[in-house]
Amino acid sequence: METILFLAPTEADGTLSQNALETLGAAKALTAELAGSSLIAGLVGATIQPAANQIAGCGATRCLGVAGTELAQSRYSTDAAAAEALAQAAGATLILAPAGSRWNRALPGVAQRLGGRVDTHVTALAAADGKPAITRWYYRQRMEGTLTRTTRPWIVLLESGCAPAWSGDAGRATVENIPVALPPLRTSVTGLKAPPADEQTIRPDAKLLFVAGAGWTKKQADGLAHAAEAEQLILGFLKTAQASLGSTKSLVDLSGEGQAVLKFMTHLNQVGQTGSTPRHPKGLATCCHGEEPHTVGWRFIGERRAINLNAGCSWAQGKADVLYVADAFAVMREVNRLLAARPS
Ligand SMILES: Cc1cc2nc3c(=O)[nH]c(=O)nc-3n(C[C@H](O)[C@H](O)[C@H](O)COP(=O)(O)OP(=O)(O)OC[C@H]3O[C@@H](n4cnc5c(N)ncnc54)[C@H](O)[C@@H]3O)c2cc1C
């Protein structure tokens with residue numbers, strides 16, 4: 001029997017993010033699976049009433065909140081103080097929270113303050129023998145482990161894209177405001193710098209991951225490299241398909257070696273063992289060999305396709321659902337033409 005606290009920060013407009021709604025979906029499912037358990041909502045932010053109203057129909061027995069302008073920004077000291085107060089007010093034994101830079105930073109310290117335990121990068125929650133159990137990956141997504149803990153409170157940070165988002169009727173919720181003595185502010189956020197939306201190539205919510213490999217910058221059949229056309233084809237596709245852009249290590253490393261490169265590509269795009277492990281329903285690898293240190297980053301990509309000139313490339317060794325043995329320049333030229341001709 002657990003007292004489950006769904007603990008989430010609100011967005012700038014006072015509502016909940018997609019990841020927070022996914023965590024709520026998982027929290028609700030777990031509450032139903034663990035007989036006698038109850039669900040409490042805890043919200044933190046500059047404004048929290050819109051979020052409380054958004055989840056009014058979620059079945060939480062109480063909705064607790066800490067609101068204030070100091071909580072508009074992610075800051076360890078204020079976030080940790082607010083989260084600690086909510087955990088105590090709820091008498092929570094299990095605290096389920098969305099993984100993101102804000103909570104990943106603040107909640108491990110909160111676990112320490114509460115004398116509890118924390119698990120980050122969790123990908124699934126379930127009841128096993130009447131007890132909560134979590135799943136997470138180890139050794140760069142090569143091994144999956146399921147574990148339970150006896151220590152309480154237990155804080156669990158759930159990764160995005162792992163559970164169906166809660167959806168239900170909005171309403172008018174009553175929020176119990178929990179008093180917190182926030183510590184003196186020593187950090188102030190003076191502004192945000194972000195690239196314009198159309199220059200942003202990493203899109204975690206995209207349906208498709210488009211991976212570019214080093215082949216785009218290599219000499220082609222005419223004996224020449226065609227980096228300029230590669231850039232135009234890739235950016236054209238990303239713009240119309242709103243896909244997220246991934247890269248191989250070889251391609252992003254080329255810039256350091258002074259070779260012809262795709263200027264919009266950085267190490268942040270790198271997928272793989274020493275890169276990221278993004279989550280998307282589909283993936284398309286182009287001019288990429290599909291070696292294991294790269295494809296290990298495809299663990300959470302649903303349907304995988306690749307375009308490679310080489311029928312013996314690594315994608316053909318059971319790593320792709322479909323391999324097109326073709327020239328990626330020709331294929332993407334045609335794909336972009338078809339996308340442009342689509343009725344809008
Ligand atoms: C410890 C360690 C960690 C690593 N971590 C990572 C990592 O995190 N991520 C990562 O990506 N790699 C990683 N690597 C490197 C990895 O092993 C590969 O070297 C790398 O992924 C190769 O990149 P690539 O496929 O783009 O390049 P290449 O191996 O050079 O392959 C280029 C491909 O392009 C194809 N091609 C060329 N022209 C065309 C065309 N016109 N149309 C279609 N296909 C074409 C070629 O047939 C070829 O298969 C790691 C390696 C080590 C040792």
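Let's start at Asp-129. Asp-129 is exposed, because 6 other C-beta atoms lie within 10 Å. The cut-offs are these: 20 or more other C-beta atoms within 10 Å of a residue's own is buried, 12 or fewer is exposed, in between is partly exposed, and C-beta atoms are placed from the backbone. Asp-129 has a positive phi of about 55°, although Asp-129 is not a glycine.

A word on the source. This is a predicted model: local features need pLDDT of at least 70, side-chain atom pairs count only at pLDDT 80 or more, and totals for chains, interfaces and linings use all residues. Residues are numbered from 1 along each chain as its sequence is written.

Back to Asp-129. Where does Asp-129 lie? In the loop between S5 and S6. Helices (H or I, at least four residues) and strands (E, at least two) are DSSP runs, numbered from the N terminus. S5 and S6 form a hairpin, with two residues between them. Six bridges join S5 to strand S6, residues 131-138, and the two run antiparallel. I call two strands paired if DSSP finds at least two bridges between them.

S5 has another partner. Four bridges join strand S5, residues 117-128, to strand S8, residues 154-158, and these run parallel. Look at Val-122. In S8, the bridge partner of Val-122 is Leu-158. In S6, Val-122 stands opposite Arg-136.

Next, His-121. His-121 sits in strand S5. Phi of His-121 is near 55°, a positive value in a residue other than glycine. Is His-121 buried, exposed or partly exposed? His-121 is partly exposed, with 15 other C-beta atoms within 10 Å.

The bond from Arg-152 to Pro-153 is cis, with omega near 0°. Pro-153 is found in the loop between strand S7 (143-147) and S8.

Now Glu-84. Glu-84 is in helix H3, residues 76-90. Glu-84 counts as buried, because 20 C-beta neighbours fall inside 10 Å. Which residues does Glu-84 contact, leaving aside neighbours within four places in sequence? Val-110, Arg-113 and Leu-114. Contact here puts the C-beta atoms of two residues, placed from the backbone, within 7 Å. Thr-201 is 117 residues from Glu-84 along the chain, and their C-alpha atoms are separated by 36 Å.

Let's zoom out. The chain has eight helices and 14 strands. Its C-alpha trace spans about 70 × 45 × 40 Å along the principal axes. Of the 344 residues, 41% are buried. Take the contacts with a separation of 6 or more: 69% of them join residues 24 or more positions apart.

How is the chain divided? The domain assignment gives domain 1 (3-177) and domain 2 (197-341). Those bounds come from an automatic or database domain assignment. The domain centres, taken over C-alpha atoms, are 35 Å apart. Six residues from domain 1 and seven residues from domain 2 make the contact. On the domain 1 side there are no nonpolar, four polar and two charged residues. For those classes, Ala, Val, Leu, Ile, Met, Phe, Trp, Tyr, Cys and Pro count as nonpolar, Asp, Glu, Lys and Arg as charged, and the others, Gly among them, as polar.

On to an open sheet. Five strands form it, in the order S11-S10-S12-S13-S14, with parallel pairing. Strand S11 (244-247) and strand S14 (322-325) stand at the edges; each has a single partner strand, so one side of each is left without a neighbour in the sheet. Neighbouring strands of this sheet are turned by 20° against each other on average, direction ignored. The axes behind that angle are lines fitted to C-alpha atoms, for helices over the stretch in contact, and angles run from 0 to 180 degrees between N-to-C directions.

Inside the sheet, five bridges join strand S10, residues 208-212, to strand S12, residues 280-286. Ala-212 has Thr-286 as its bridge partner in S12.

Last, the ligand. Which of the 30 residues around the ligand come nearest? Gly-213, Gly-215, Lys-249, Gly-272 and Pro-293. Near means that the C-beta atom, placed from the backbone, lies within 6 Å of the molecule or strand. Helix H6 (249-254), helix H7 (292-295), strand S13 (301-308) and helix H8 (328-341) each supply at least two residues of the shell. H6 gives the most, with three residues. By class, the shell divides into 11 nonpolar, 15 polar and four charged residues.
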